[in-house]
Amino acid sequence: VAAGDAVPWQVVDHYENPRNVGSLDRNAKNVGTGLVGAPACGDVMKLQVEVDENGRIVDARFKTFGCGSAIASSSLATEWVKGKTVDEALKIRNVDIAKELCLPPVKLHCSMLAEDAIKAALADYKLKQDPNKEESEKE
Amino acid sequence: FCPGCQALQPPRPRPDLFRLMDCDRSFRVDAQQLQRRFRSLQRAVHPDRFGQRPPKEQYYSEQHSSLINKAYQTLLNPLSRGLYLLELNGVEPAQETDCDADSVFLTEIMEINEKLAEPKNEDILEEIETSIKDKQEELTKEVTAAFERDDLQEAKRLLAKMKYFANLEDKLKNKKIPS
């Protein structure tokens, strides 16, 4: 195994000590659920957020089936969104996740998947808050 | 092989795997014909038959043999065959994330993954395995139809689904191997 192929310790850490694995009640009004997949590698990722009455994310959970980098990216994502407001969390970018985990170029799409999962979860939460607004915006 | 002196030549760069295995460039393949072609090609170029030949020919033999293995594996498996056909037709492999549009499908994949993650007995594993096999067969039929009417975008979409199931099949295989 070439030295360049070594798995970054950050990824191993999240893999062996994942933070926030699990589920929140997807039927709760203040829970947003994002379910995304990467067709190229067949990874699936579910990320959920619980938002309080002030628009701040108080809890987050994830379940990811895929490579170590995908698991680490979603684990890190749940750590990062906690404590942020919905708008702050929308600013999390895949490049930041990738940098934090020292992901090699071939695994950058995993961090993109995590960013998409965050956005999907927040979009779901927003939709649940005001479904009528979504309808009128469409017209 | 060189027609003059019968020495083994290097394989062509970027060969068409279908042409190499003497198959039409189509999603439908005759598995038996493919296997026959594979065996006859390996009989001609396998390194075991080149032990006494000059080192250059031995090297070419390894390249040929390896290429034929790759061609055979690619064309035998419906998923890899479909993806290769898309590639030959200039269709980019799916890169964008699957999102809400496919949430029913992704939920299903998620649920099967969760089931597999639990400690389970042999019977449940058999049940899941059979169910996945059925789904793959059905998807393969749909992909065949899509290619036949030249609907490459639909084929691409269906092959992406097959990829998720293929990953599940690998996980099942690993679960069955006693650790």
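This is a predicted model: local features need pLDDT of at least 70, side-chain atom pairs count only at pLDDT 80 or more; totals for chains, interfaces and linings use all residues.
Trainee: Where is B:Thr140 found, and why is B:Thr140 called buried?

Mentor: B:Thr140 is found in helix H6 (residues 122-148) of chain B, and B:Thr140 is called buried because its relative accessible area is 18%, whereas the term applies under 20%. Leaving aside residues up to four places away in sequence, B:Thr140 touches B:Phe27, B:Pro78 and B:Met162.

Trainee: Turning to chain A, how do you know that S2(A) and S3(A) pair?

Mentor: Eight bridges join S2(A) to S3(A), and at least two are required, so these strands qualify as a pair, and they run antiparallel.

Trainee: What makes S1 and S3 of chain A the edge strands?

Mentor: The three strands form an open sheet in the order S1-S2-S3 (chain A), with antiparallel pairing, and S1 and S3 of chain A each pair on one side only. From one strand to the next the twist averages 15 degrees.

Trainee: Which helices pack on that sheet?

Mentor: H2(A) packs on the sheet and touches S2 and S3 of chain A, its direction making about 175 degrees with that of S3(A). Helix H7 (residues 152-176) of chain B also packs on the sheet, where it touches S1, S2 and S3 of chain A, and its direction makes about 100 degrees with that of S2(A).

Trainee: How do you know that the span of helix H5 of chain A is close to what is expected?

Mentor: Helix H5 (residues 108-129) of chain A has 22 residues and reaches 32 Å from its first C-alpha to its last, which is close to the 32 Å expected at 1.5 Å a residue. Its buried residues, among them A:Leu113, A:Ile118 and A:Tyr125, pack against elements of chain A including strand S1 (31-38), helix H2 (68-81) and helix H4 (94-101).

Note on methods. Residues are numbered from 1 along each chain as its sequence is written. Chains are lettered from A and ligands numbered from 1 in the order in which they are written. Side-chain values use heavy atoms; hydrogens and water are left out. Helices (H or I, at least four residues) and strands (E, at least two) are DSSP runs, numbered from the N terminus. The expected span of a helix is 1.5 Å times one less than its number of residues. Buried means under 20% relative accessible area, exposed over 50%, partly exposed in between (1.4 Å probe, protein chains only). Contact means heavy atoms within 4.5 Å. Axes are lines fitted to C-alpha atoms, for helices over the stretch in contact, and angles run from 0 to 180 degrees between N-to-C directions.
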